[in-house]
Amino acid sequence: MNEAMVISLLLGSLAAMVPIALTSVGAVISERAGVVNIGYEGILMFSAFFGAIFAELAGNGWVGILGGAFVGLLFGALHGVLTVYLKGDHVIPGIGLNLLGAGAVAFGIRAYWGTAGQHTVPSDAQISPLWMDAFGNSLSPMVPITIAVAIVAWWVLFKTPFGLRIRAVGENPEAADALGINVELYRFTAVLIASALAGVAGAYLSVDWLGTVTKQIAAGRGFIALANMVFSGWNPLIALGGAFLFGFFDNLAIYIQNNPWLAGTIPWQFIATLPYVVTLIVVAGIIGRARPPKWDGRPYKRE
Amino acid sequence: MEEQTPVLEMRDIVKVYPDGTKALKGVTIKVYEGEILGLLGENGAGKTTLMKILFGMLKPTRGKIFLRGKEVRFKSPADAIANGIGMVHQHFTLVEVFNALENIILGMEGHGLLSKIDVENARKKLQKLMDELNFQVPLDVPVENLPVGVQQRIEILKMLYRDVDILILDEPTAVLTPIEVRELFAVLRKLKEQGKTIIFISHKLNEVMEITDRVTVIRKGEVVGTVKTSEATPQLLARMMVGRDVVLRIEKPPKEPGEVIFRVEDLWVKGDRGEDAVRGLTFEVRAGEIFGIAGVEGNGQSELIEAIAGLRKVEKGKVYLKGVDITGKRPRELYDMGMAHIPEDRTHMGLILEMSVMENSILGMHWRKEFSKGFLLDWNKVEEHAKRLIEEFEVSAPGTKAPVKSLSGGNQQKLIVAREVSKRPDFIIAAQPTRGVDVASTEYIRNYLVKLRNENKAVLLVSADLDEVLQLSDRMAIMYEGQFMGIVKPDEVTEEQIGLMMGGVKGEPQK
C-alpha cells in the first residue's frame, strides 16, 4: 500500500464518517433527553431528496444543506409533538417515517426529475471541496464541521446547564419537573436538534459526498447510526470515533474488492460485512455494557 | 404562641379525587415560624395529600393557603420552592446517575444556559451550607452509590440551596437506621436553631414525641386535634390517631420451640452486581418459633430471602426444609413442600395490581386441583376461596372482582398474608410484612404471625423495622454486609447493643 493509497483511504473514511456521525450525535442528544426516534433512515431519505432540490433551485450546495436541516426539523417537530406533547409511543412514528421515506423518494425522483431511481446533482449545486488532488481525492468542508459538531455536542451535554437539564429530563423527569425545569420544552428541543442534524446528514449525501439522489440513498445509515449511538454509550465523542471506524472499514472493504489479488481469495459478501462487524466489536468492546438513560422512550406525564 | 400570625395556614382544604374518594374533608392547619410541627396520622389519613397540595403537586378541590398572611396558590413544586417552601419526599426525586452537586444545582446552575457551569462556586456555597449544618455529603459520587441516609441529606441540601425557610419532610425516617435517625434529628434541630420552620410527617409516635414542638393529628381526612408535644403522651396520640385504644404491645405467650423445620448451612449468594451479598450464613428456624432478622436494608437480606425462596441462585451452601435438601429447587416445588413467602415488595412481587382480588387470591397455588375443573379454572371455587380470605382476614375490598390496585396498602398486604397462609405452610417467610401498612392492619398482621407461631409453624421474619423484630421474635439475628453480627434473644439485649451490631460491630457470642 503506497502513500497515495493511504491518503485515499483516509479521506474516503472521513467522507463516510460524516452522515453516520451527524445522525448518531443527534440521536445521542435526543435519547439523553429521553426521546427515542428510529425514523432517522426516513429523515435521511427525505432530506437527501429535498436537499438536492433546494440546492439545484438556488444553484448552491449550502442552500441544500440548510434545506435538508429544515426538512429534518419538520419531521422532528412532528415526532416531538406526537411523543413529547401527546405522550404517544416513541417507536411507531419512526416506522411510519422510514416506510414513507422509502416509497416517497423513489416516487419523487421520477415525478420531479423524470428519471427512474437515480438523478445526478449538477456540479454547481454541489458543495465544493476544501482540498482536492489530481487523483480525485477530496476533503469536504463538512468533515471539520462534523468533528466540531460532535465536540460541541459533548461539551454542551456535559459542561453546561442546558446539557445537565437535557440529561436530567432523560434520567428522571420528575426530579427535573420538581425543580422547575420545563420537561416537555427540553425534550422537544432535543428532538429538533437531533432531526435537524439528521437532515444535514441526508443533504450531505446528495449535494456533497455522493452527488446523486437514488431511491436507496440512505442505505441503512440511519440504522447504523442508531447502533453506533447505543455502542457509544450515548457519548457524542465516542459516537464520532465509531462513525470514523465504520467509514474506515467501509472504504477498506471497497479497496479489497477492487484489488484483484485479494478479491479472488475472499468472497466479496464476506468483505462487505466487515465495516458492520468490526465497528460493532470495537465500539462495544471499548464501552462494555452501557446503560441507557433511565426514562429513554418513556413519555412523562405529571401525576 | 397562639396570638402571633402563623407563617403558614392551610384553611379548610377539601380534596375529592375524580373517582369520588374524599381524601381531605376540610382540613385546617397552622404552622408558626421556627417550630417543628408534627403531622401525625395513619397511612391513608391524608397527610401526604395535604402536603402535596401545599407543595403545588395537587390542586385542592376547595380551600385556601395563606403564607405570612397573604393568600397564595402554587401551580407547581417549582412555584412553591420559589416562595420558600421545600419538600423532601418519601421516595426521593434524585437523578441517580448524577452526583450530589449536579442534583443540587440542577435548575439553578447560574448564568447562561450554554456557558460552562461554575462548579467551584457551587461547591463553595454547598460547603458553607454543610459546615453550618455540621454534616458532610460526598459531592462527586453518583448518588445511586450512596446510602439512603446520605441521599436524604442531599435532598435536604437541595431545598436549602434554594433558600427555603419552610421544609416539609414526608416520613423521613421510614428508610433510616436508628443511628441515621439520630443524625437526621440533629440536623433538624440545627435547622430550627437557624430559624427554619419544619413540618414533620410521620406515623411513628416516639419520633413525633421526640422531635416536634406541636402535633396535629389527622384521621380519615379530618383534623382530630392539635396538641403541644410537651403536654402529650404516646398513648394520647395513639388514641387520637387510631380513634380507639391501641394495643401497642403484642400478646406473646412463652413457648418452647419444637423440632428444626428450616435450616441454612454456610449459604453464599451473589447480588445483582456480582458482589457477595450473603456471606456464609448458618441458622435454623424451629417449629413454634419466630426467627427475626434485623439490620439496615441492603445488607443482603433481600438476596437471602430470594435464595431461600428459589428466586436467586445459591453459590455455595445448603438449604433444608423439614430435613430435605431444597437448595436450587424452584418456587413451585417449594410451595408444594410447605413453604409460603410474603415478599418484601407487595406491588412488584406479591400481587399483580391490574388483576382482580379473586385472581390474586390463588397466585402460587392456581395449579392445585381444588381450583380446577379439568383443564380449566373453576371460577366458582376461586371466588369462594377469595371470599373466605376476605372475611377471615377482614380485608376491606369493594368485591372479589375489583382490581387489587383499588385496595389500600394495608388491605393489599392482608390479602397477601391471607393467601400465603391459605397454602397451609409449615414454614413462612415474612419479609417486611408491615411496610407501608396502617396501624390497625400492622397490629392484625403482627398478631397473626404470633398466632402462626403458637400453632407450631416456623416463621422467618425479615424486617427493617427494628421494633417489629424486637416485639415478635423469639430469637433474632442482626445482619450486616451479608453476615450475622450476632444471634440474640430480644429481651436479653439493649437497643444500644443492637444499634452497634447494625453498624457492623460483632455482638457477644451466645451460648
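How many bridges pair β3(B) with strand β9 (residues 214–219) of chain B, and in which sense, parallel or antiparallel? Load the model and we'll get there. It is a predicted model, so local features need pLDDT of at least 70 and side-chain atom pairs count only at pLDDT 80 or more, while totals for chains, interfaces and linings use all residues. Residues are numbered from 1 along each chain as its sequence is written, and chains are lettered from A and ligands numbered from 1 in the order in which they are written.

**Stop 1: β3 of chain B**

Select residues 36–40 of chain B, which make up strand β3. Helices (H or I, at least four residues) and strands (E, at least two) are DSSP runs, numbered from the N terminus. For β3(B), 5 of its 5 residues are buried; buried means 20 or more other C-beta atoms within 10 Å of a residue's own, exposed means 12 or fewer, partly exposed is in between, and C-beta atoms are placed from the backbone. Ile36(B), Gly38(B) and Leu40(B) point one way, with Leu37(B) and Leu39(B) pointing the other. In a regular strand, side chains alternate between the two faces of the sheet.

Now the opening question: β3(B) and β9(B) pair in the parallel sense, over 4 bridges. Strands count as paired if DSSP finds at least two bridges between them. Click Gly38(B), and its bridge partner in β9(B) is Val215(B).

**Stop 2**

Across the divide, 9 residues of domain 1 of chain B are in contact with 12 residues of domain 2 of chain B, contact meaning C-beta atoms, placed from the backbone, within 7 Å. On the domain 1 side, α6 (178–193) and α8 (234–242) of chain B are the elements giving two or more residues.

**Stop 3: an open sheet in chain B**

Look for four strands in the order β12-β11-β14-β15 (chain B), paired antiparallel. β12 (276–286) and β15 (324–325) of chain B sit at the edges with a single partner strand each, so one side of each is left without a neighbour in the sheet. Strand β11 (residues 260–270) of chain B pairs with β12(B) over 8 bridges, in the antiparallel sense. Zoom to Trp268(B), which stands opposite Arg279(B) in β12(B).

**Stop 4**

Which residues have the most contacts inside the largest nonpolar core? Pick Ala21(A), Val25(A), Ile29(A), Ala48(A) and Leu197(A), in a core of 161 residues. Such a core is a set of buried Ala, Val, Leu, Ile, Met, Phe, Trp, Tyr and Cys residues joined through C-beta atoms within 7 Å. Helix α8 (residues 183–209) of chain A gives the most to this core, with 17 residues. Centre on Leu197(A): setting aside neighbours within four places in sequence, its contacts are Leu22(A), Thr23(A), Val25(A), Gly26(A) and Val149(A).

**Last stop: helix α3 of chain A**

Select residues 61–85 of chain A, a helix of 25 residues reaching 35 Å from its first C-alpha to its last, close to the 36 Å expected at 1.5 Å a residue. That expected span is 1.5 Å times one less than the number of residues. After α3(A), check Lys87(A), where phi is positive, near 60°.

Methods. Two residues are in contact if their C-beta atoms, placed from the backbone, lie within 7 Å.
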